[in-house]
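Q: Please take a close look at a single part of this model, one residue and its surroundings.

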Amino acid sequence: MISSKNKQHFFFDFDGTLADSLGTMYETYAQFARLHNISPSQEEFNTLNGPTIEEACAILQNKYQITTPIKDLFDQYLTIIHQAYAHIQAYPDATSLLHYLSDKQKTMTLVTSNLEKNIYPLVEKFKWETYFKTLITGEKVKKSKPHPEIYQIALKTYSQLDLNHV
């Protein structure tokens, strides 16, 4: 959360914060790993939770010497994610929290390493599009979490929006 001129702005992550998706993300990783004869592990998954999907594919490609081109690996992973994300649900109180903050005139940004094409359909499904002033996704960064770049972009974007509405 940041405050300026008596206004408060909140930054929310999507996966595992607003959406109950970490189990689905693990199953997606496990399915992808098994396609490439890799034994999935929670430990490895934890190291891949933060980097972009493309970075995760590159990490796995390098670690396991997968000869499939990175673009094909990325497309495979995206296909698995697209199918799995159709079943993700919001955490029970997520919408209530967003509605409460909106009613209190708080502004919000969704900040996620995930891709917009994966996230936005869920934002629409949960009817959250009116709550978020901006959406910062993995496509907009060169360095993924835990690097702070995505939050720096979110802060800069918010600051520009805030200045335009003074």
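Q: Leaving aside its neighbours within four places in sequence, which residues is asparagine 114 in contact with?

A: This is a predicted model, in which local features need pLDDT of at least 70, side-chain atom pairs count only at pLDDT 80 or more, and totals for chains, interfaces and linings use all residues. Residues are numbered from 1 along each chain as its sequence is written, and side-chain values use heavy atoms, with hydrogens and water left out.

Asparagine 114 sits in the loop between strand S5 (107–111) and helix H6 (116–125); helices (H or I, at least four residues) and strands (E, at least two) are DSSP runs, numbered from the N terminus. Beyond four places in sequence, asparagine 114 is in contact with Asp15, Ile53, Tyr85, Ile119, Thr137, Gly138 and Glu139, where contact means heavy atoms within 4.5 Å.

Asparagine 114 counts as buried because its relative accessibility is 7%. Buried means under 20% relative accessible area, exposed over 50%, and partly exposed in between, with a 1.4 Å probe and protein chains only.

Two polar contacts involve its side chain. One, of 3.1 Å, is with the side chain of aspartate 15. The other, of 2.8 Å, is with the side chain of asparagine 118. A polar contact is a pair of N or O atoms within 3.5 Å; within protein, one must be able to donate a hydrogen and the other to accept it, and residues adjacent in sequence count only if both atoms are side-chain atoms.

Ile119, a contact of asparagine 114, is also among the residues that leucine 110 touches, not counting those up to four places away in sequence. Leucine 110 also touches Phe12, Asp13 and Phe14, among others.
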